[in-house]
Amino acid sequence: HGRSGGIVMNDDWPGYSLDLFSYPAHYCGDLDCVFIPHGMIMDRTERLARNIMDDLGDHDIVVLCVLKGGYQFCVDLVDRIKALSRNSNRTIPMRVHFIRLKSYLNDQSTEDLHILGAEDLSFLAGKNVLIVEAIVGTGKTMETLLMHVEAFRPKMIKVAGLLVKRVPHNAACLPDYVGFEIPDRFVVGYALDYNEYFRDLNHICVISESGKMKYKI
Ligand code: 5GP
């Protein structure tokens, strides 16, 4: 529908020096750069909320938050939609449901994808569903999830993804709402983890080689 693929971060974007921002001291030495500062994420999220409101205003929606990485984006996006709902005549009544996907070990995608909390999604039948995901890489995860959700016959499914990676074999299906298009680098922060670390970091950052070593399983 003519919507953009988000803010494009080019392959040669070096990020910002860590010295220009504040971040938890316990991650000192574990990061290469601040790739997307927290404020920028919030500004982009505010606009995504408006786009969603423009498209879906006056529809009831079920927000399907994909844990764990999607929790912060989901909270902030729902918050902005709520703000728009109370400040205009159009509103979106929302329910929020949580499911958990797991497929990564270290920084590598594994073949077997586990969906938890999605055993019975029959309440989605006839509903408008907004899937909220932090990041789409190859798109395999999203594809699997979409197939799973479609089986419960919702009226409509839209996907909001904060980050979409430019990877060699990008799947055909992209989110309807994209925050940022980023190079194929492993990023952490803003609830995105590396073996459960870095969720407590506000900015989206690139992990350093020593950081990878330090938290490797
Ligand atoms: P895909 O199936 O699209 O290749 O991978 C999607 C999933 O892999 C995401 O839901 C996320 O859990 C994980 N993932 C992909 N790239 C990154 C990344 O750069 N950082 C983190 N923390 N997770 C990633």
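In this predicted model, the shell around the ligand draws at least two residues from each of four elements, namely β4 (94-105), β6 (128-136), α3 (140-150) and β9 (187-188). The shell comprises 19 residues, of which Gly-137, Thr-138, Lys-140, Thr-141 and Leu-192 come nearest to the ligand. By residue class, nine members of the shell are nonpolar, seven are polar and three are charged.

Of the elements that supply the shell, α3 was examined for burial. Thr-141, Met-142, Leu-145 and Val-149 are the buried residues of α3. Because these residues cover an arc of only 90° around the axis, they lie on the same side of α3. In general, an α-helix has 3.6 residues a turn, so residues three or four places apart point the same way. Exposed residues, Met-147 and Glu-150, are carried by the face of α3 turned away from the buried side.

Strands of a sheet pair through backbone hydrogen bonds, in either a parallel or an antiparallel arrangement. The pairing between β9 and β10 (residues 204-207) is antiparallel and runs over two bridges. Val-188 has Cys-205 of β10 as its bridge partner.

Methods
Residues numbered from 1 in each chain as written. Predicted model: local features only at pLDDT ≥ 70, side-chain atom pairs only at ≥ 80, totals over all residues. Near = placed C-beta within 6 Å. Nonpolar A, V, L, I, M, F, W, Y, C, P; charged D, E, K, R; others polar. Buried ≥ 20, exposed ≤ 12 C-beta atoms within 10 Å, placed from the backbone. Arc of directions from axis to C-beta. Pairing = 2+ DSSP bridges.
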